[in-house]
Amino acid sequence: MKVFIKNLIIKFFKIIILISLILPSSIILPSSITFAAVKGFVDSKQVNQRRPMGVAFNTSGTKMFVVGTVENKIFEFDLTNGFDVSTATKNSNECDFSSQATDVVDIDFNSDGTKLFLADQDQTADNDHTIEEFNLTTAYDVSSCVHVNEHFAGDFELVGIAFNTSGTKLFIFDETSNSLIKQYSLNSPYNLSNPTLQKQSTGTSSKTFETIEPQPTGFAFSSDGSKMFITGKNKDKVQEFNLSTPFDLSSVSKTGAYDISDEIDIVSGISFSNDGLKMFVIDSKNNDANKDVNEYDLTCGFGVEDCIDPTANKDDVASIETQSETTKKIIQHTTYPVINRMEWLRRNKGRINLTNQNIKFQFNNTIMNSLSKTLIPLYFSNDGNNEKNFQNSNWSFWSEGTISIGSTGDTGQSSSKSINTSAITLGADKKGDDNIMRGIALRFGTDDVDVGDLGSALDMSSFSLTFYESRPKGEQRFTDHLVGVSFLNSNLINNSGSISTDGERYGEQLYGSLSLRDTFSKNQFNFTPKLKINYGITHLGAYTETGATGLNLEYDDQYIGNFTSSLGTSLDNTYDFKMGSFIPYFDFEYYADMSPSSQQKFSYVSSGESFTLRNINNSTHNMIGGIGFDFISENGLTLMTKYTRDQSKNNKNDNFIIALDYRGSQRSSYAMSIEDTSAKLSHNKELNGFKINIDSHYDLFGNEPDYGVYLKISNIN
C-alpha cells in the first residue's frame with residue numbers, strides 16, 4: 001500500500017511539472033484568423049411607407065414594424081420565417097400617432113414588447129423634437145397602442161434612440177451640433193421620467209461623430225453592447241465601432257465601414273436580428289412609396305466588418321475564467337473535509353473508541369462498482385485479505401456539509417462573479433494494526449456562479465472519491481496525505497441581455513494533498529503548525545454552444561494544472577463537562593497558488609474565426625482564517641462546526657461547515673449505495689429483540705430533487 005500511495009504522488013508531481021512546461025505564462029492576447037464578416041445583400045421588402053426611417057422586430061423576428069416621416073402610422077408586418085423580409089406581409093394592425101408626432105425617425109420597444117418609443121423630429125413651425133412613449137395592451141400589437149407621455153420636448157434634433165439590453169441606459173443621437181450621442185442612466189428599466197446625463201471619462205457628457213458621418217440617420221448596438229453601428233446620408237455606409245466597455249461611450253474605436261450604396265439611394269435606420277446574423281437597413285428615398293427594408297447576411301453575430309472578439313468581452317472572459325477557477329475550488333473544497341476529519345482525529349485521538357460498524361458501498365455505475373470491489377479492499381489490505389474482512393472491520397462513519405458564499409470583483413479583463421457552493425461529504429475510516437488511520441470519502445457538490453450583470457452563469461455538479469491516511473511519526477507528529485478523482489458536469493449560460501447561448505461540458509480531475517503537522521501541548525492546550533501541498537490536474541472536454549446561431553462558440557479541450565502550497569497553524573483547548581467535552585479551535589493559513597497558467601481555444605461556429613484566451617488564472621496569495629468547535633457527547637455523537645474566510649486581493653469566500661460523527665454499537669450497521677444520480681443511506685440496528693431499519697434516498701443533481709426517509713421495524717425472530 002505504501003508503494004501504491006508513493007507512486008500516485010510521484011505521478012501527480014510529474015504531471016504538474018509537465019503542465020508547467022507546456023503551458024507557459026503570457027499575457028491575455030487573442031490570436032485569431034480573420035474572416036470577411038458580411039456575406040452580402042439578400043433581399044428587400046417594399047413597405048409602402050412613404051419615406052420610411054426606422055425599423056424594429058419582435059424577439060423572434062416574426063413581426064416587423066416600420067415608421068416614417070409622412071404616414072404618421074406604425075405599419076406592422078407578419079413574417080412567415082423569422083427575420084426573413086421576403087416572407088413579410090402587412091397586416092391590419094396600425095398605430096396612428098398623428099396627434100402626438102409628425103416626423104418619426106426611429107422606433108424602439110422595451111424587452112417584452114409592452115412599451116414602444118418613437119423619436120419625433122417634428123419639422124413644423126415649433127420644431128418640437130420629442131420622444132413619445134406608448135403602452136401596448138397586447139405585446140407587439142401596435143393596434144393596442146395607448147399614448148402615455150412625452151419626453152425631452154425641444155431639447156434635441158433627434159436622429160435616433162436606443163436602449164441597453166436591460167433598459168437602464170438610454171442613448172439619444174442628437175444632430176443639434178457635431179452629431180452627438182448622449183448617454184443617460186435611468187432610475188428603473190425604460191423609465192424616462194428622471195434620466196441622468198452621464199459624463200464620459202473625458203469629462204464631456206456626449207460623444208461626437210461629425211467627422212465620421214456629418215448627416216446621421218440611424219444607429220444601433222449589438223446585443224452585448226460591445227459594438228455600435230451608425231448610418232447616414234452622406235457616406236452611404238454602415239460604420240462599425242468597438243466599445244471597450246459594453247454600452248459605454250467613454251472608449252469607442254472605429255473598426256471599419258461597409259458600403260451599401262449599390263442597394264440603397266438614401267440610407268436611413270438600421271436594425272439587427274437577435275443573434276446578429278441579419279442586418280436590416282432602410283432606404284428612405286423621398287416620397288417614394290415603394291422604398292424598401294433591405295436585408296443582409298453576416299457570417300457571425302453583428303460582424304459587419306469583423307466578428308465580436310470574445311477575448312475583449314468581460315463577461316465572456318469571466319465565464320472562461322470561472323470554469324478554471326471552479327475546478328480549482330472543487331479540489332480545495334474536496335480536500336478540506338478530509339483534512340478537517342484528520343485534524344479532528346488528531347484533536348480527539350485520546351477519545352476515539354472505534355467499534356464494529358458494517359459500512360458497505362454499492363455502486364450502479366460499472367466503473368465505481370469496480371473501484372468498490374478492487375481498489376477499496378486493496379487500500380485496506382493491511383487489515384485483511386478479502387472484502388469480508390473489509391466490511392466487518394472496525395469503522396467510524398462521518399459526514400460533513402459545507403455551504404460556501406464568495407465573490408470576485410471585476411478587473412480590466414473580466415466581469416465580477418458571485419459564487420455559491422454547497423456540498424455533502426460522507427466518509428468512513430479506521431485505524432489499522434500498523435497504527436495508521438485510513439479512510440475513504442465521497443463528496444457530492446454543486447457550484448453556482450453568476451457572472452456579470454446580464455445573466456451569464458455556470459452550474460457545475462461534481463462527484464469525488466478520495467482515499468486518505470494519517471500516518472503517525474511519533475507521539476504528536478503526523479503525515480497526512482490523500483489522493484482522489486472527481487467527475488464534473490457543467491451547464492453554462494452566456495447571456496448578452498437579449499439573447500443567450502447554452503452549453504454542457506464534462507470533465508475529470510485527479511488530485512492529491514500532502515501535509516505535515518506537529519503538535520505542541522501544555523495541559524489541554526494544543527499548538528499545531530502545519531505545512532501542506534495540494535496538486536492536481538483537470539481535463540474539461542470540448543463543447544459547442546447552442547441558442548444563438550451567429551454567436552455560438554465552439555470550445556476545445558482544456559487542461560488545468562493545480563499546485564498550491566500553504567503554511568499555517570491551529571490552536572485548540574479542551575473543556576470537559578458532565579455531558580461531554582467542548583473543544584474550541586482557531587486556524588490560520590497562508591497559501592500561494594503556483595499553478596501553471598492555462599489557455600482556452602475557441603471559435604465561432606458560424607464563421608470559423610478562432611481565438612485563444614491565454615494566461616487564465618495567474619498566481620494568487622490567499623489568507624484563510626477559521627474558527628469553530630468540536631462537541632463530543634457521552635452517547636457517541638460528535639459535532640464539528642467551522643466558519644472560514646478565504647481572502648485574497650480581488651476575491652473572498654465564506655465557508656460554513658457542519659460535520660457529524662457517530663459511534664454506534666456492534667449491533668449497528670450502515671450501508672450506502674449510489675445508483676445513477678440517486679444516493680441511498682441505510683441504518684440497521686437491533687434493539688430489545690427488534691430490528692430497526694431506516695432508509696433514506698436523495699436525488700443529487702435533479703432540478704427538483706426527490707428525497708425521502710422510510711422506517712421499518714420487525715421482530716428478529
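Predicted model: local features only at pLDDT ≥ 70, side-chain atom pairs only at ≥ 80, totals over all residues.
Strands here are DSSP runs of E with at least two residues, helices are runs of H or I with at least four, and both are numbered from the N terminus; two strands pair if DSSP finds at least two bridges between them. Strand S8 (residues 130-136) runs antiparallel to S9 over six bridges, and phenylalanine 134 stands opposite histidine 147 in S9.

Residues are numbered from 1 along each chain as its sequence is written. Local features need pLDDT of at least 70, side-chain atom pairs count only at pLDDT 80 or more, totals for chains, interfaces and linings use all residues, and side-chain values use heavy atoms, with hydrogens and water left out.

Next come the salt bridges (a side-chain nitrogen of Lys or Arg within 4 Å of a carboxyl oxygen of Asp or Glu), and the whole structure holds 24 of them. One joins lysine 227 to aspartate 306 at 2.8 Å, N to O. Lysine 227 lies in strand S16 (residues 227-232) and aspartate 306 in the loop between strand S21 (292-298) and helix H2 (314-347), 79 residues apart. Lysine 227 is buried, at 1% relative accessible area, while aspartate 306 is partly exposed at 24% (buried means under 20%, exposed over 50%, partly exposed in between, using a 1.4 Å probe and protein chains only).

Arginine 471 and glutamate 469 also form a salt bridge, with their closest N and O atoms 2.6 Å apart, and both are buried. Together with Asp434 and Arg438, they belong to a salt-bridge network.
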